[in-house]
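Reader: I have a structure open and want to read its features. Can you walk me through them?

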Amino acid sequence: MSDIKTASLEDLRAMKKRGEIHSPDPQAQSIDLPDDFWDNAELKIPAIKKPVNLRVDADILEFFKAGGRGYQTRMHSVLRSYVNAQKRRLLR
């Protein structure tokens, strides 16, 4: 069973006003955004990832898993960095 709960922005604001939730960092400063802050925002849909079976050395897998949850995302980030570096090298 998941511990994830959903709440609307209005619910979150009401919970904050009642003192039920707070910033994770007590030193965090509140930022007042202008009313038109989101007017020019563009929705960016993330690229769909394809499932793949990949064989990696055990020590590499354990290294990424030792970082906790999200190890596959971290592995993907390393691969993305490599690909981007190779593309930049080819454009020179």
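Reader: Where is the place of F37?

Author: Helices are DSSP runs of H or I, at least four residues long, numbered from the N terminus. F37 sits in the loop between helix 1 (9-17) and helix 2 (58-65). The model is predicted: local features need pLDDT of at least 70, side-chain atom pairs count only at pLDDT 80 or more, and totals for chains, interfaces and linings use all residues. Residues are numbered from 1 along each chain as its sequence is written, and side-chain values use heavy atoms, with hydrogens and water left out.

Reader: Which class does F37 count as, by relative accessibility?

Author: Buried means under 20% relative accessible area, exposed over 50%, partly exposed in between (1.4 Å probe, protein chains only). F37 has 41%, so it counts as partly exposed.

Reader: Which residues make the nonpolar surface patch?

Author: Patch residues have over 30% relative accessible area and no salt bridge; nonpolar side chains (Val, Leu, Ile, Met, Phe, Trp, Tyr) are joined within 5 Å. Here I31, L33, F37 and W38 make a patch of about 480 Å².

Reader: How many salt bridges does the structure hold?

Author: A salt bridge is a side-chain nitrogen of Lys or Arg within 4 Å of a carboxyl oxygen of Asp or Glu. The structure holds one. R18 pairs with E20, and their closest N and O atoms are 2.5 Å apart. R18 is exposed at 53%. E20 is partly exposed at 47%.

Reader: Where does R89 lie?

Author: In helix 3, residues 71-91. R89 is partly exposed, at 48%. From A14, R89 is 75 residues away in sequence and 51 Å away in space, C-alpha to C-alpha.

Methods
Helices (H or I, at least four residues) and strands (E, at least two) are DSSP runs, numbered from the N terminus. Patches are made of residues with over 30% relative accessible area and no salt bridge: like charges are joined within 9 Å, nonpolar side chains (Val, Leu, Ile, Met, Phe, Trp, Tyr) within 5 Å. Accessible areas come from the Shrake-Rupley method with a 1.4 Å probe; for residues, only the protein chains shown count as cover.
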